[in-house]
Amino acid sequence: MAGDSRVHMDHDMEIGVTPTAVQKLPKHMREAQISTEHTHLIADPVKKPRQRYVQKDGKCNVHHGNVQETYRYLSDLFTTLVDLRWRFSLFIFTLVYVVNWLFFGLLWYIIALIRGDLWHSDEEGWTPCVENLNSFVSAFLFSIETETTIGYGYRVITEKCPEGIILLLIQAILGSIVNAMMVGCMFVKISQPKNRAETLMFSHKAVISVRDNKLCLMFRVGDLRNSHIVEASIRAKLIRSQQTKEGEFIPLNQTDINIGFDTGDDRLFLVSPLIISHEINEKSPFWELSQAQMDKEEFEIVVILEGMVEATGMTCQARSSYLDKEVLWGWRFTPVLSLEKGFYEVDYNSFHDIYETNTPSCSAKELAATLREGQLLPTLSLLTPELPKPYTPEPISTHNPLSKEVDKGEEGEKGEINGSAAALKDQPGLD
């Protein structure tokens, strides 16, 4: 008996039938079975996690490599300095000032060395270029005092040193340029609205559900600060690979997602959290995708919120993205706005909460066709009695009694109409 059961089991495996013992196991354990020489179990292909193009915090996951024309960064030196990290910015800020002071201190020391002030400074009647400058350290300190306009009064330039006067003018001009550039870089870097974007929130998930008999893709945005974003606007991009009809492969192709550009709904008054909706219509890239097809697609939706900071007037941009697994079909967002006594309150604890709702699993195209047919039938039924009936002669065959009664009623109505017409003709003034 044991031998027969083993034979039957081997036979079942060879023809592709799962054994009874394997069928009782959970699905994840059945997929993990090791194939033998008689079996070749093929599990469903596991969907690989997609690499993000834009992180949830808005950082772009793109690294530029093999850039040979590095001189282009130096052509826009100011932006390069602003884009550096803080530790590099502070290091360059300190280094530029120290090198500048050392350079001009060396020039002051060379002038004193050439004039002989270092050896004759103690002689009576000797007029040095800079009084009390007798070493490189004193020349370095004089350079700092000159450029920072401290002016302690111990080291001063004399009028009998024309080369010193010229160097003083050059250092004053170049020092002002260095101050303007370094202070300007630090000011722009400090006032950058990147931190302002940290208080702009995007929902963790995007959802698809029905709104006004149309499938819509929705996500929620909010602002945590009381100071508002002026002229706020939002746009969305669909990122997915595409292959053209000619066979050209386009990696990470970008497609616009209409979230109200033609109607002005992309302009936001972001006082309280808003649900941004994309109607899936004929122009939408999701028009022909059903729930099953959406689960198989690999894409990423990048959303970009832009506006001006009310306090500084600088443009602020916040970004986020939704992978295909983060777009949930058949869900809606939980309301977060409630009316309190004298004001509206926003509950940010429920900002990311969603709840499941009845949503057809068909595509938006199929849903629109179904609704169109459903609306057309009752319309035709209402219009049918009002359509003019064509004249048909009476059939020769005999009628049932009901049809005779109907015919008599129609003849009576015709007689009344003919009689009223004759009466109108008899009235005077109507000829």
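A residue is called buried under 20% relative accessible area, exposed over 50%, and partly exposed in between, computed with a 1.4 Å probe on protein chains only. By that scale R240 is partly exposed, with a relative accessible area of 22%.

The structure is a predicted model, in which local features need pLDDT of at least 70 and side-chain atom pairs count only at pLDDT 80 or more, while totals for chains, interfaces and linings use all residues. Residues are numbered from 1 along each chain as its sequence is written, and side-chain values use heavy atoms, with hydrogens and water left out.

A salt bridge is a side-chain nitrogen of Lys or Arg within 4 Å of a carboxyl oxygen of Asp or Glu, and the structure holds 10 of them. One joins the side chains of K214 and E279, with 3.2 Å from N to O. Because K214 lies in strand β3 (residues 214-223) and E279 in strand β7 (residues 274-279), this pair ties together parts that are 65 residues apart in sequence. Strands (E, at least two residues) and helices (H or I, at least four) are DSSP runs, numbered from the N terminus. K214 is partly exposed at 41% relative accessibility, and E279 is partly exposed at 32%.

Strand β4 (residues 229-243) supplies R235, whereas E306 belongs to strand β8 (residues 300-309).

E297 is partly exposed at 25% relative accessibility. Elsewhere, salt bridges that share partners join R52, K56 and E326 into one network.

Helix α9 (residues 162-190) has 29 residues and reaches 42 Å from its first C-alpha to its last. That is close to the 42 Å expected at 1.5 Å a residue, the expected span being 1.5 Å times one less than the number of residues. Its buried residues include G164, L167, Q171, G175, V178 and M182. An α-helix has 3.6 residues a turn, so residues three or four places apart point the same way. Among the elements that cover the buried residues of α9 are α5 (77-83), α6 (86-115) and α8 (136-147).

Terms used. Contact means heavy atoms within 4.5 Å.
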